[in-house]
Amino acid sequence: MRTIRIGCGAGFSGDRIDPAVELAEHGDLDYLVFECLAERTIALAQQARARDQRLGFDPLLAERLEAVLPACHERGVTVITNMGAANPRAASETTCEVARALGLGGLRIAAVTGDDVLEAVVACDSLVEETGRPVSELRDALVSANAYIGHEPIAQALAAGAQVVITGRAADPSLFVAPLAHAFRWRADAWPELGRGTLVGHLLECAGQVTGGYFADPGLKDVADLANLGFPLAEVPEAGPIVITKVPRSGGAVTIATCKEQLLYEIQDPGAYMTPDVVADFTGVSMATAGGDRVAVDGAAGRARPEMLKVSLGYRDGYIGEGQISYAGAGAVARGRLAGEIVVARLAQRGVPREAVRCDLIGVDALHGPALAASPTALPPYEVRLRVTARTERAIEASWVGREVEALYTNGPAGGGGVGKQVRDVLSIASTFIDRSLVSCRVTVEVA
Amino acid sequence: MTLRTLAHSRSGDKGPVTNLSLIAFDARDFPRLAREVTVERVRAHFANLFDGDVTRYELPQLGALNFVLRGRVGGGVTSTQALDPHGKSFSSALLEMEIPDDDPPTPR
């Protein structure tokens with residue numbers, strides 16, 4: 001029985017590159033997938049494209065592909081990625097240039113487009129899931145609307161002989177389902193198979209998260225050689241258990257525990273994991289050790305896919321201003337709190353309401369608030385860092401936060417040091433749904 | 001004892017919704033987790049951070065629970081002023097939850 005080997009070379013846009021090269025060279029792979037597109041990343045990419053039509057794809061695309069294409073070409077490994085972000089065609093052109101520069105003329109590169117549904121969602125004026133209000137109310141602030149597309153156009157690109165497939169907002173697991181559907185000739189309504197493929201994709205899509213890269217807790221959950229963490233690959237036969245593993249002698253660990261954490265990562269109902277391809281059911285999943293750093297996973301199921309596609313909406317949503325300052329030694333916490341109260345009062349005098357301002361003491365209560373931080377055995381920390389943030393409508397108001405924190409140097413408690421400040425645009429994400437009949441994808445193949 | 005003695009956890013987000021897995025190191029401790037770590041206890045534990053519904057899903061064959069928390073106070077990942085916008089550190093807060101230690105944990 002034929003087994004397909006798929007590796008995951010990136011789990012987010014800034015992920016490390018060396019483990020992908022290791023996979024390409026030593027993973028004996030058929031496919032290498034790079035998942036680089038978070039919800040907000042595509043909205044940022046749309047803004048970049050609006051400024052310059054040649055931009056809007058992943059800024060590390062060329063660097064990643066320069067690193068892996070020679071090994072992929074030599075060993076016949078097909079690359080699939082959503083690094084096209086808001087501009088898969090421009091990403092494809094850049095990939096052609098990279099291939100030619102590497103002496104890989106003739107490489108077939110496919111761009112999958114059609115996920116940009118901004119005009120369609122405005123025309124349908126569907127409701128925003130989070131607020132129940134029509135999309136049209138966001139009109140001027142709306143910067144992007146991208147439908148999560150499924151595996152079919154990617155599989156179509158593979159059928160056309162593409163050696164690199166570049167998408168925009170494809171659903172993360174669909175990047176992995178596509179090569180399996182292509183290799184095993186799964187029909188688009190082969191729900192159990194698509195559920196099984198979605199399990200493969202979900203376990204791999206965060207790359208190092210399943211090989212021990214988000215697991216270590218020294219003394220309790222130790223992971224060997226994290227500095228040389230290897231990225232995962234799956235061995236997928238046409239039917240039966242899949243095996244999650246990594247390149248022999250790479251760092252990290254693939255254990256039942258690392259696989260369980262990843263199985264439930266960013267999952268709501270494990271019985272209904274919805275993608276454009278299928279409603280996957282992980283409630284029957286079982287895991288077994290299959291040798292060192294090898295875990296066999298079986299039991300995923302699937303049922304008919306949703307008729308509506310989820311759409312990620314990006315919209316401008318004001319500003320956040322931030323300032324930070326540190327205090328040390330005895331009384332540091334009290335001085336930090338006093339400094340925060342002073343900044344809140346001064347911002348209120350400038351018209352920034354108290355409820356828009358948040359003060360955290362990093363090292364004390366910043367992550368989970370005072371209630372969870374109130375341990376009866378907690379000692380006062382040697383040092384704290386005050387972090388003040390305010391959400392504002394105008395950039396100028398946001399800039400006052402950092403200015404007022406900086407002014408604590410000569411207008412606040414004793415011994416404050418190390419001020420940092422920033423203002424950032426808030427690009428919020430919301431969701432809506434679109435009928436899949438309104439989303440038509442297109443595959444364009446270029447030869448380098 | 002705290003949950004950290006018996007279980008491990010990972011948290012993640014989908015916009016304003018956060019999920020927290022809770023996985024027994026030894027599947028024989030799963031019934032104890034299922035008994036002690038109720039929806040009510042998780043809601044109370046995170047009361048200052050979430051004001052929406054809490055749902056619990058059970059995967060007994062994996063010795064795991066999955067909690068879905070809605071209504072993050074201060075907004076979701078893209079609009080919150082929180083230091084940890086994704087809420088990835090919430091797993092550590094869950095593992096701080098105290099449960100009765102009348103039975104020792106299953107030896108590892």
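A:R305 is found in the loop between β13 (301-303) and β14 of chain A. In this predicted model, A:R305 has 20 C-beta neighbours inside 10 Å and therefore counts as buried, since the cut-off for that class is 20 or more. Leaving aside neighbours within four places in sequence, A:R305 is in contact with A:P276, A:D277, A:V278 and A:V279. A:T131 lies 174 residues from A:R305 along the chain, and 25 Å separate the C-alpha atoms of the two.

The domain assignment of chain A gives domain 1 (3-114 + 149-306) and domain 2 (316-428). Taken over C-alpha atoms, the centres of domain 1 and domain 2 of chain A are separated by 40 Å.

The buried residues are A:S174, A:L175, A:F176, A:V177, A:A178, A:P179, A:L180 and A:A181. Their packing partners in chain A include the strands β1 (3-10), β2 (31-34), β3 (78-81) and β7 (232-237), together with the helices α6 (152-159) and α8 (191-204). After α7(A) comes A:R185, a residue with a positive phi, near 55°.

One of the buried residues of α7(A), A:F176, is also touched by A:E205. A:E205 sits in the loop between α8 and β7 of chain A and is itself buried, with 25 other C-beta atoms within 10 Å. A:F34 is 171 residues away from A:E205 along the chain, yet their C-alpha atoms are separated by 8.1 Å.

Helix α10 (residues 332-349) and helix α12 (residues 395-406) of chain A pack at an angle of about 135°, their axes lying 10 Å apart. That angle makes α10(A) oblique to α12(A), and the crossing of the two is right-handed. On the α10(A) side the contact is made by A:V343, A:R346 and A:L347, and on the α12(A) side by A:W400, A:V401, A:E404 and A:V405. By residue class, the contact of α10(A) with α12(A) divides into 5 nonpolar, no polar and 2 charged residues.

Strand β14 of chain A holds A:A328, which has 17 C-beta neighbours inside 10 Å and so counts as partly exposed. Residues up to four places away in sequence aside, A:A328 touches A:Y382, A:E383 and A:G415. A:A328 and A:V236, which are 92 residues apart in sequence, are 55 Å apart in space, C-alpha to C-alpha.

Finally, the two chains meet: 36 residues of chain A are in contact with 27 residues of chain B. At least two residues of the side of chain A that touches chain B come from each of α9 (256-263), β14 (308-328), β15 (357-362), α11 (369-373), β16 (383-392) and β17 (417-435) of chain A. The largest share, 5 residues, is supplied by β17(A). This side of chain A is made up of 16 nonpolar, 8 polar and 12 charged residues.

How values were computed
Residues numbered from 1 in each chain as written. Chains lettered and ligands numbered in written order. Predicted model: local features only at pLDDT ≥ 70, side-chain atom pairs only at ≥ 80, totals over all residues. Buried ≥ 20, exposed ≤ 12 C-beta atoms within 10 Å, placed from the backbone. Helix = DSSP H or I, 4+ residues; strand = E, 2+ residues; numbered from the N terminus. Contact = placed C-beta atoms within 7 Å. Nonpolar A, V, L, I, M, F, W, Y, C, P; charged D, E, K, R; others polar. Axes fitted to C-alpha atoms, helices over the stretch in contact; angles between N-to-C directions. Parallel < 35°, antiparallel > 145°, perpendicular 65-115°, else oblique. Left-handed = near helix turned anticlockwise from the far one by under 90°. Domains from an automatic or database assignment.
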